[in-house]
Amino acid sequence: MKKLIFTICMGLGYSQTGFEIAKMVDEKPSPNDMSNKTKMVLTNSKGKSRSNAMMSKSMDGNKKQIIWFLEPKDDKGVAFLKIEHDDKDDEMRMWLPAFKKVRRISSKKKGDAFMGSDLSYEDLSSRDLEENEYKRLDDEIVDGRDCYVLEILPKKEAKSSYSKHVSWIEKSTLMGVKEESFDKRGELKKKKKYHFTDLKGYHVMQRVFVEDVQKQHSTEVTFTDIEVDSGIDEKLFQEKNLKRLPRK
Amino acid sequence: MKKISKGIRYLQLLLPLLLFNLLNAQLNYSGSLNPGNMYRLSDQSEISLPFRIAEAEVGYSLGDFEIKTNSAFEYRWSNNENELQLREAYITWYPNWGEVKVGKQIHAWGAVDGNNPTDNLNPYDYYYMFLSGAERKVGTVSGSVKYYWKDLQIEGLFIPEHEGNRVPFGEQAFPLNIPDLRPFLIDKERGREFGFRIQTTLGSSDFSLSYFDGRDRSFTLVGYNELPNLMPSVFYRKTSVLGFDLVSFIGDFTNRFEIGYFLTKNDTEVDSITINDASYIQFAGQVEYSTENDIMLSVQIIGSEISEINGTMTKDEFQTGMGTPFATFTDLGLSFSASTNYYDDALELMGNTFIDLKDSQSMLGASVKYSPINNWKINVSISKFMGEEGTQFYNMEDFSHLKVGLEFHF
């Protein structure tokens, strides 16, 4: 039945508002949980690259996430726990082995870079549907894929570090294929490109390329060993599990 | 022959078990090589102190259990003196409800960075006093149980035998006023120690209450014995600490606060007692802010106040034996630090200062870390101590130094 409604909606495509498209994207089936190994390559304006490796497990559409850092070697053992709440501020904690301490860190500076990359904590968090305004622009074809184009304007309550996003969403999969984000002055800040793979009937992100056009710096994130719906226990997202690397 | 075949049969039985263990186990290791040296700013002479030239951490986990060891190779350039130290060796069990740890281990309580009044579970190694975090602590044989339930964490800790700070007696290069010879400690059993800590989250803030009952980590004068000569008697006083700490967020500012109420008493028997009991508080408050261009700023205020002393000792003569090490320098101090990274974290810059708000003494520090290639770092840091005569930092002026080092992480 859901599929039928979806097909009818797709057929009626152009009559949909930006909010309706965003709602469809928000409500599309997503895995209950996901785990992967992540490689992050940072490249500066001179073409010099540095890489990080980590292991990640998440559930509830990334609202709960735990990341263990593997490389560079001096960061090995550092781990990060994020729990997003609807009714209060998000929780972010870091396990710092050199201090033997789990350190609560601020989740309010969403614009801060994640591990020196071009991705901010805001880029890694799920976007609340009600905290943004959506305007539908003319559809476009991107790399041969028919896309909706949405202009997303964060409301004040989103406390966003951006003034606007323009997002290209593939009509057939409802996955974002690229996005441009603009800073508070309205100038283009980041260009993001997403690549997906099919896994257990889901469209799962396999590669993200982010370019900070102002800093002339880029980050390429590649996900490997992806597993979905493997039955991750909610209790994994506790402080104690920051302290030890999972077996896989 | 029969014995051999019996042995083989046992081996045949054990082998699948061993193989199963090996297949399901996970071995993790990491470590670093850290050659370096320190030079006085005054005359560029070498400061000959031991340092950890190599460190290795090995973890072996199987199911809900994990064994972890942390060892270091301590070395001194001037006389090739060396020592292999097993800094930690403990086993952790991770049941569904929490974690249980037994063995030689380093603990950390408290909310602020570095100067924690409530973190008294491990002795300090004075040789590494100017390092941060667990680097300056000595592992103690102990057992701890931590229970997690929703936002609540309850921890209980037991230390079967008290251990005091590692103090560098007779170390000419060491800057603090430490006697040449270890004083004669009163012959008395030091006993067991224990502590509890409860942490919870209310709104967006974390709160903790803690209690620790043990002995001072530093020995202090408790009185005099009259025979055969008048001899000062030193020992570790019995001290209990009630602690409170919190982490909260106001706008873009992160606030960390910690306070400890210390009740200390002399339970030794000497001919002439200088102190019966005393109480004092120590606190540390910290505010952090990250600027738009990713500079992390942090301000910390550290204070100590003696409430009461019963004995012949005056407040000026009283020495704290627990709490934040900075309380031995000053009753009220302010520290400020700024740090940032450039070139994808390849370059780390940090500056810090400490100002005594009661006496005229201060400290300035700066460090640069540069990583030309992954896993290698070059470190250069400078520390300068300044103070009026009679202050601790005045005695440390000649310890003002430049530190140069190399790090390789594996």
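Which residues are buried in helix 2 (residues 18-27) of chain A? I would like to start there, and then widen the view to the two chains and their contact.

First, the conventions. What we have is a predicted model, in which local features need pLDDT of at least 70 and side-chain atom pairs count only at pLDDT 80 or more, while totals for chains, interfaces and linings use all residues. Residues are numbered from 1 along each chain as its sequence is written, and chains are lettered from A and ligands numbered from 1 in the order in which they are written.

Back to the helix. Gly18(A), Ile21(A) and Ala22(A) are the buried residues there, where buried means that 20 or more other C-beta atoms lie within 10 Å of the residue's own, exposed means 12 or fewer, and partly exposed lies in between, with C-beta atoms placed from the backbone. Seen down the axis of helix 2 of chain A, the buried residues fall within an arc of 100°, so they line one face of the helix; the arc is that of the directions from the helix axis to the C-beta atoms. As a reminder, an α-helix has 3.6 residues a turn, so residues three or four places apart point the same way. The cover over the buried residues of helix 2 of chain A includes strand 7 (132-142), strand 8 (145-154) and strand 9 (164-170) of chain A. Helices (H or I, at least four residues) and strands (E, at least two) are DSSP runs here, numbered from the N terminus.

Taken as a whole, chain A has three helices and 13 strands. Its C-alpha trace spans about 55 × 45 × 35 Å along the principal axes, and for its 248 residues a compact globule would have a radius of gyration near 18 Å, which agrees with the 18 Å of chain A. That radius is taken over C-alpha atoms, and the globule rule is 2.2 Å times the number of residues to the power 0.38. Of the 248 residues in chain A, 28% are buried. Among the contacts in chain A with a separation of 6 or more, 41% are between residues 24 or more positions apart, a contact being two residues whose C-beta atoms, placed from the backbone, lie within 7 Å.

One backbone detail in chain A deserves a look: the peptide bond from Glu71(A) to Pro72(A) is cis, with omega near 0°, and Pro72(A) sits in the loop between strand 3 (64-71) and strand 4 (79-83) of chain A.

Now to chain B, which contains two helices and 22 strands. Its radius of gyration is 24 Å, close to the 22 Å that the globule rule gives for 410 residues, so chain B is as compact as a globular protein of that length. The C-alpha atoms of chain B fill a box of roughly 75 × 60 × 55 Å along the principal axes, 30% of its 410 residues count as buried, and residues 24 or more positions apart account for 56% of its contacts with a separation of 6 or more.

Within chain B there is an open sheet of three strands, in the order 12-11-15, with antiparallel pairing, and its edge strands are strand 12 (231-235) and strand 15 (272-273), each of which pairs on one side only. Strands pair if DSSP finds at least two bridges between them. Strand 11 (residues 220-225) and strand 15 of chain B are joined by two bridges, and Gly223(B) has Ile273(B) as its bridge partner in strand 15.

Further along chain B, strand 17 (residues 296-310) pairs with strand 18 (residues 332-342) in the antiparallel sense over eight bridges, with Ser339(B) in strand 18 as the bridge partner of Met296(B). Strand 18 of chain B is also joined to strand 19 (residues 347-356) by 10 bridges, again antiparallel, and there Thr340(B) is partnered by Leu349(B). Four residues lie between the strands of the hairpin of strands 18 and 19 of chain B, in which Tyr343(B) takes a positive phi near 50°.

Finally, the contact between the chains, where 27 residues of chain A meet 35 residues of chain B. On the chain A side, these divide into six nonpolar, five polar and 16 charged, with Ala, Val, Leu, Ile, Met, Phe, Trp, Tyr, Cys and Pro counted as nonpolar, Asp, Glu, Lys and Arg as charged, and the others, Gly among them, as polar.
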